[in-house]
Amino acid sequence: MTFDVYLNVAVAGILTGLVYGLMALGLSVIFGVVRVINFAHGEMMSIAMFLAVVLFSAFHLDPLIMLLPIAAVMFVFGYVLQAGLINPFMTRPEHSQFLLLVAVGIIIVNVLLIVFGPDARTVQTSYAYDSFQLGPVLVDASKAYAGVAAIVFAAGLFAFFRFSLVGKAIRACADNYTGALVVGLNVNRLYALSFALGTACVGAAGSMMTLIVDVTPNLGPTYTLLAFVIVITGGLGSMAGALLGGVLIGLTEALAGLLFTPSAKSMFAFAILVLVLLFRPQGLFSKRAT
Amino acid sequence: MTRIRINRRQLLAGSAVGAATLAAPALVRAQNGPLKVGVLLPRSGFEAAIGQDCQRGVDIAPPIFKSLGLPELTIMNGDTASNVDVAREHAEKLISDGAQLLVGAFDSGQTTAIAQVAEQKGIPLVINIAGAPAITEQGYKFVFRNFPTAITITADGFANQKEIFSIVGVEPKTAVFMRVNDTYGTAMSKGVAALMPKFNMPYKILEEISYDPAARDLSVEVAKAKATNAEVLLVVGRLNDALLMTRELIKQRWTPEAILSMGPGWYEDQYFKTLGKMSDGPISFVPWFDPNKKLAQTLEAAFVKAYPGSNMNTNQVFTFEALLVAADAYKRAGSTDPKALVDAIRKTDITDNVSVGPGIAFNAKGQNDKVKDSAIQNRGGKAVTIAPKEAANAKPEWPMKPYQNRA
């Protein structure tokens, strides 16, 4: 096999990994601040995917253009969910939170099955079959657009947390809960806001993911698992770690499929997870132990 | 006027006789009523589209059976959810709910699980579609298959390939083999490896690439296949894989000389509808219908009427034929007793059928070893038969038109 083949596959893996990373970023934001592990994360992404599919099939609205509106809808959904349903569980044992979010995930899958049925749905954009020739590399246009959009969205989120007052307040809340209360921050509101930002991330990722994969209601649990693999590899609670973890997993799956057997490519992602848990449990890109 | 006196004992005896007389027709009705057939298909999950495609064969059957003088069937729907464990559970549930015969289940892995349940419970199973040879090699007494095994499909496929090569005057020297990594794909892989030398095929398989049956992205797999520079792409998969693979072939700008599919996926309506012009070209080697048979024409007419704009395919043909076997056996058995039904199925001899070959009859293992396969090519949104010669209605197009020139 020539070097070009490895390069092509690596580029495709990195681009897919960026979208994975954005999805996992949402999980990391939620855990980093609210300290709730969202077991309905992939299912929430499948809501966003179906929103993108419906908007495309009804109005021919490109998922890339609808990325922000869908993220906004998911933001509201996340805010309402946290404030109305999850917040009362904040002081309860972790297994109660776990069961609550697993139940939310199951409900989402079944509602989507009832509404849309089990058939795979696709978004057939005008550039669905396009690819760019960049020297020896053939880049899938849909993956390229999705990857770039993921970088832009993640950069916006980083900037929000770093430079805006609300972002700083959320970080303060995540760093020192008691301190945040002492200085008079509305912690409950900030929790809901953080959860909403996490679901907005997953909304944006879901919208972009429709360019890469066919959409079915049963995708949710698979992506929840994938998001966990990524954030644990990158570092639970680390935003940069989630994005880089996504790229690492995307790249690993792609190259493992090429070098070994494609049907076992997921095995390598899980092998990395096991190694990380054994030798660097705080994650590859996280400074502190969680 | 004579006064009739009836004592208490006479009244009781009379009541008992009356009750028995009234009850008798009900008992007779129960025995001659519709046969309860549990139809297990992957109606959800990654094989849902094909499961629902099979269901169309069930839906159009009743009026045809009526015209053939066959008894009515009561269909009990079961969903395997494209999952072996769910298939097993739902087979058990259908039987406990009163199913007297099972039909299903498109997928070899799921069908294997259902066959175990059917054998254990002593309820006949008529397999509509499932190619793994092992299913009818277990010594089962209640399992019947009117569908060629992976070995027969492969053997017929190679024979039909050689016929095509001779028609187009081309003998490709290299191929890359992409297959789904499940019971069916593995069985087909073994079949290809065993039969290729026997048929003295002109091409050599440069690499075999297996992939996850629930794959959401086949970009790596197609890149790997493209890197072999093979002339021909040999595939064993299903609809979802066929769609993913075709998209990647287009994006990665690779049009092999031919796509030779040794199974389903590439001729289903959803493949044509989703890909439009990009669906043209692939050749499938599959169990198909004989367009010259009277019942095939009847079934196709009913199908087109029920589903305008759709094309009849393997899924409807063999699901319909599985029900045909059930109805025919029930008519001859005259009973819903499983043993009587099994005896009747074993003696099946249907010559007025739909699929290619002399008809439907089962050998001692419960396998119809007379059923034959065709080579069909996608052309203008439908499949035409290009081999065997006696069933062909079009000539093969070789090589495939490049995807990049189809805008």
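This is a predicted model: local features need pLDDT of at least 70, side-chain atom pairs count only at pLDDT 80 or more; totals for chains, interfaces and linings use all residues.
## Helix α9 of chain B

Residues are numbered from 1 along each chain as its sequence is written, and chains are lettered from A and ligands numbered from 1 in the order in which they are written.

Helix α9 of chain B covers residues 239–251, 13 residues in total. Helices here are DSSP runs of H or I with at least four residues, strands are runs of E with at least two, and both are numbered from the N terminus. From first C-alpha to last, α9(B) reaches 19 Å, close to the 18 Å expected at 1.5 Å a residue; the expected span is 1.5 Å times one less than the number of residues. The helix is mostly covered, with 13 of its 13 residues buried. A residue is buried if 20 or more other C-beta atoms lie within 10 Å of its own, exposed if 12 or fewer, and partly exposed in between, with C-beta atoms placed from the backbone.

## Positive phi in two loops

Most residues other than glycine have a negative phi, and most peptide bonds are trans. B:A81, in the loop between β2 (73–79) and α4 (84–96) of chain B, has a positive phi near 55°. B:A81 is buried, with 22 other C-beta atoms within 10 Å.

B:F106 has a positive phi as well, near 70°, and lies in the loop between β3 and α5 of chain B. B:F106 counts as buried, with 29 C-beta neighbours inside 10 Å.

## Cis peptide bonds

The bond from B:G104 to B:A105 is cis, with omega near 0°. B:A105 sits in the loop between β3 (101–104) and α5 (108–121) of chain B.

Another cis peptide bond joins B:W398 and B:P399, with omega about -5°. B:P399 is in the segment after β12 (382–387) of chain B.

## Contact between chains A and B

Chain A gives 24 residues to the contact and chain B gives 24 residues. Two residues are in contact if their C-beta atoms, placed from the backbone, lie within 7 Å. On the side of chain A that touches chain B, α1 (3–34), β2 (137–140) and α10 (239–259) of chain A each supply at least two residues. The largest share, five residues, comes from α1(A).

By class, this side of chain A has 13 nonpolar, eight polar and three charged residues. Ala, Val, Leu, Ile, Met, Phe, Trp, Tyr, Cys and Pro count as nonpolar, Asp, Glu, Lys and Arg as charged, and the others, Gly among them, as polar.
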